[in-house]
Amino acid sequence: MHAVAAPIISIAPEAPAPSPAQSLTLQVSGLHCAACADLLRARLEALPGVQRAGVGYAAALAWVEFEPARVDLAALQATGRAAGYELVPAQPEAAAALRRREARAMLWRVFVAWFCMMQVMMLAAPTYFDSGAEVPPDLRALLHGASWVLSLPVILFAAGPFLRGAWRSLQQRRLGMDVPVALGILLTFGASTLALADPGGPLGDAMYLDSLTMFVAFLLAARWLELRARHAAAASLEALGEALPTEVRRLAPGGWETVARSALRPGDRIQVALGETVPADGVLLEAPALLDEALLSGESRPVPRQPGEAVVAGSLNLGAPLQLQVHAVGEQTRSAALGRLLQQALTERPAWAREADRWAPAFLALVLLLAAGAGLAWWWLAPSRALGVVAAVLVVTCPCALALAAPAALVASARALAAQGVWLQRLPALERLASVNHVVLDKTGTLTEPLVRAPAGTDPDHLAAAVGLAQWSRHPLAKALARLPLDCPAWRWSEVQEQPGQGLRARDPAGHWCWLGRAPDGTAALSFGREDGSLRLDFAVDEQARPAARSSLERLRALGLKLSLLSGDRPERVAALAAQLNLAQARGACSPEDKRQAVQALQAAGDCVLMVGDGLNDAPVLAQADASVALGEGAGLARQGADLTLLRNELAALPDLLLQARRTRRVMRQNLAWAAAYNLLAVPLAVTGQLPPWAAGLGMALSSLLVVGNALRLAR
């Protein structure tokens, strides 16, 4: 084979340096508040062998990085169970089964709470209208006793999540959000029990069992709706894996055979019938295809693909039967890798959440002091009302709505972006994106796409040979070559070898060894020939602006953003493209370090910078920027270093992404403002005794539902 001078084609994706640690994403059951997530994270990180852990309450996901030699899945699950949570790998079947069990258990609690509440309300109704003579004391005691008995299932079963959550928090010497709720429940039940046992005592004969059961019923109903929203988010992330076929037709030495999808290996040649879903990542062979990629990229229109172009798992074949050369299967597919990154992102804690961790204990301590102070004041004024006021204060000040305000918005927005083909890899990036005022773009592969031309008078048969070999590669130049129109079928190749940094080498149908890559003498960027020197084709390589580049940049300008172009290409080529796209700030001949320093200078001047790139040399500047976006067909290292990935490989999604980030910030602020206003209004009412415990519970439940409902608008 000819020696070649520069890298051109690479089939295998880039991989990070090997590490002894492994990472695992787990579906979690039993999370009822953000404090639960903190508790589970602390328990997991305390386990020997666990290096890092993250737990996302809104998505009910845990991500753990651990040393397999010291800890395994069983140990992680045992730690979760000891803390009161169930953990399973975030695989579709296991996670869905866990969610079904959790939903069924919650539904039973809701049913028991509401059923008992209605019975208690009926028993309490006569006393509401009693002037003192209609209900005799013995009948009144009987009604109160029956109410107390009907409240027991609510305390012992329905309210279990609140009581256990509070107990776990106290065991960890933490003041979780369940603590004030549990105290309110126990104080209300305790005061009612004392009033039942000693109607003439200091607490009088006032019973709060109707308020207690109503509060638990309302709060459980709110958590049930929150649970359904979280389960819907998790199910949407698993939709791709569930859509893949279980059986595949694969080419074997004796002809086509039907095998399980799990039996596929890279290099296999498979057939996908009309109406079937593509089971693995691969390269289209022989004939054009029409694919529906909406499940992965959010593109609603069918996408035409030419031989040599990449086809991703989860695409639906809308045209004629097609054949693929498999490149990646199972967990190695692009969609599976991005799915893992999205799951990990949903377990991250944004900066505001980490800040909240610091003031949450002080806030809850203040709540307890406020409740105690109100109780003491009312003990002197009206002892029979003291415990009711304490319960109302504890319930109404529970910061559930504040805790849900931002996570619910971020998760809903992540769902919406995934449906549009934008995969979030770092949750805090959505907050930073909303503040971006300067967008820096790479040129090659980001604003432009390669253009390959065959030399005039090329033999159609020789062109078919080069195109057939190019179909084996995902390199942009090879893909551009593979899209050239042919007058005869593309050649089939055997013994195809990838030479890292050199190109492709393969044997043609006649047994000759051929190569595809940079010309041996360096005179052509893309050349094809036989190793014996009997054939050589040098292709003209150029580039053209992406079809949507100009319109996308105009939309970004309309959003008030400054735009810059940084490229490693020759300055004159960069200037020509900048003039074509009306970019005033453009700079060529930039090394990776030059790009990083340029972004650093913009940040020093006060700009919040978004970097958009796709190449391996863009990884340092993607890491430097405040937020970063990589194109889906770019280098693997660039995608891993970016905050988000555009699967459609189109800049048209970029303005929509920034608009979604701004909408997310607006909804988060609305939620936080409402939650704060509700507490400012309700706390004085509770302290002054104008808000009974049941009304406090209803208000807290409705407040939580309001912020969740407002956040779910982002998912549309």
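Predicted model: local features only at pLDDT ≥ 70, side-chain atom pairs only at ≥ 80, totals over all residues.
Local features need pLDDT of at least 70 and side-chain atom pairs count only at pLDDT 80 or more, whereas totals for chains, interfaces and linings use all residues. Residues are numbered from 1 along each chain as its sequence is written, and side-chain values use heavy atoms, with hydrogens and water left out.

The secondary structure of the chain comprises 22 helices and 26 strands. Both are DSSP runs numbered from the N terminus (helices: H or I, at least four residues; strands: E, at least two). The chain has 716 residues, of which 54% are buried. Buried means under 20% relative accessible area, exposed over 50%, and partly exposed in between (1.4 Å probe, protein chains only). The chain exposes about 29,700 Å². Carbon and sulfur atoms supply 60% of this area. Accessible areas come from the Shrake-Rupley method with a 1.4 Å probe; for residues, only the protein chains shown count as cover. Among contacts between residues at least 6 apart in sequence, 69% join residues at least 24 apart. A contact requires heavy atoms within 4.5 Å.

An open sheet is formed by 7 strands, in the order β14-β26-β25-β24-β15-β22-β23. Its pairing is mixed; two strands pair if DSSP finds at least two bridges between them. The edges are β14 (422-424) and β23 (585-587), each of which pairs on one side only. From one strand to the next, the twist averages 20°. Axes are lines fitted to C-alpha atoms, for helices over the stretch in contact, and angles run from 0 to 180 degrees between N-to-C directions. Strand β15 (residues 438-441) runs parallel to β24 (residues 609-613), with 4 bridges between them. H438 has V609 in β24 as its bridge partner.

Strand β21 (residues 536-545) runs antiparallel to β16 (residues 448-453), and 6 bridges join the two. V452 is bridged to V541 in β21. β21 also pairs with β20 (residues 526-530), in the antiparallel sense, over 4 bridges. Here F528 has L537 as its partner. β20 and β21 form a hairpin with 5 residues between them. In the turn, G533 has a positive phi of about 85°.

Helix α6 (residues 178-197) contains 20 residues. At 1.5 Å a residue, it should span 28 Å, and its end C-alpha atoms are 28 Å apart, which agrees. The expected span is 1.5 Å times one less than the number of residues. Buried residues of α6 include V181, I185, T188, F189 and S192.
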